[in-house]
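Here is a short briefing to read alongside the model. Keep the 3D view open and follow along as you go.

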Amino acid sequence: MLRYRKLFTKKQKITGLILAIFGAFFFIAAKYQSSHPVVISAQKSAYKSIIFDLGDVLFTSNPLTKHKLIATTLLSNPSLLYYLINFDSKSEYFKFLHTIPASNKYPVFYHSEPMPPIMADWQSGLISGDHALQTITSHLNQAQHPTAIKNLFSSIASFMFSSELLAQSQQPIDSMVRLAQALKNAGYKLYALSNWDEQSFEQLHTKNSEIFNLFDGIVVSGQEKMAKPNPEFFNCLLNRYNVHPATTIFIDDEPNNIATAKTLGITSILCDKPSSVTRELINLGIITLQS
């Protein structure tokens, strides 16, 4: 009987603990749902400047454009369906690009992996999109891939290095744009530091002029002939606009770029999703939650 009482008491304690945890969770969730984020004034903040990356931070690819490319390619090459089902086309395409020689003066990263040198040269403004496409086409003609795969790779390259198609495929990330607007309204200086080729950036800028008008300065790799994570590229923005690292926050989706910013004394936020940026800005005292 004593053992049973002890066991029962232990179960009660465990049940009570679980209920307490769930209670705390729902209390916090309810608190956040009833609260809304407010950006504090730059005058009251230790930070004065915010540097935004563009790709996958303020803009993202429209999935409909990708699906349209696949559908168009399939219609002209029905045999490609087999390879799309049984073939990791994205991985194999990038593997093929890595075989193409280029200057690759300074590595550029995508999802923590080094970009193929020819793409790094293109984003760094060392070659044009047309030159990159011509080089890729020449190497494709010599490659030992099935014709269907060559056609797929050719279609991907034509899309990727077309400044018009690339600019058209981009759409703003609304929540991040609203955040940038709120920061601007609160008195922060906004800057863009982006790895982007010059030709498509000009079209992206024209298409989204209201967004780019938020910035006090914009530095693009294709125009400067260098790219992140090269520290010189960061210093280009800091020196040109007299931005002080100690009072600056940098937001980017690439860990290697974040690492460089930190070595320069810039407080940095890795943007894996908009909510993580908001959470970090709350931790830094830029945003408060008000009922």
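This is a predicted model: local features need pLDDT of at least 70, side-chain atom pairs count only at pLDDT 80 or more; totals for chains, interfaces and linings use all residues.

Residues are numbered from 1 along each chain as its sequence is written, and side-chain values use heavy atoms, with hydrogens and water left out.

**Aromatic pairs**

- A search of the whole structure turns up 11 aromatic pairs (rings of Phe, Tyr and Trp, the last by its six-membered ring, with centres within 6.5 Å; planes under 30 degrees apart are stacked, over 60 edge-to-face and the rest tilted).
- One of them is Phe-59 with Phe-212, which is stacked because the ring centres are 5.7 Å apart and the planes lie at 15°.
- Phe-59 sits in strand S3 (residues 59-61) and Phe-212 in helix H11 (residues 209-212), so this pair ties together parts that are 153 residues apart in sequence (helices are DSSP runs of H or I with at least four residues, strands are runs of E with at least two, and both are numbered from the N terminus).
- Phe-59 is buried at 0% relative accessibility, and Phe-212 is buried at 2% (buried is under 20% relative accessible area, exposed over 50%, partly exposed in between, with a 1.4 Å probe and protein chains only).
- Phe-94 and Tyr-110 are also stacked, at 6.4 Å centre to centre with 5° between the planes.
- Phe-94 belongs to helix H4 (residues 89-97) and Tyr-110 to strand S4 (residues 109-110), so the pair links parts 16 residues apart in sequence.
- Tyr-110 is partly exposed, with a relative accessible area of 34%.
- Phe-52, Phe-59, Phe-201, Phe-212 and Phe-215 make up one aromatic cluster.

**Helices H6 and H7**

- H6 (residues 129-142) packs with H7 (residues 147-160) at an angle of about 175°, and their axes are 10 Å apart.
- H6 is therefore roughly antiparallel to H7 (angles over 145 degrees count as such).
- On the H6 side, Leu-133, Ile-136, Leu-140 and Asn-141 meet Lys-150, Phe-153, Ser-154, Ala-157 and Ser-158 of H7 (contact is heavy atoms within 4.5 Å).

**Helix H14**

- In H14 (residues 255-263), the buried residues are Asn-257, Ile-258, Thr-260 and Ala-261.
- These buried residues fall within an arc of 160° seen down the axis of H14, so they line one face of the helix.
- Exposed Lys-262 and Thr-263 are on the face of H14 turned away from its buried side.
- The buried residues of H14 pack against helix H13 (231-240), strand S9 (248-252) and strand S10 (267-270).

Conventions: The arc is that of the directions from the helix axis to the C-beta atoms. Axes are lines fitted to C-alpha atoms, for helices over the stretch in contact, and angles run from 0 to 180 degrees between N-to-C directions. Angles under 35 degrees count as roughly parallel, over 145 as roughly antiparallel, 65 to 115 as roughly perpendicular and the rest as oblique.
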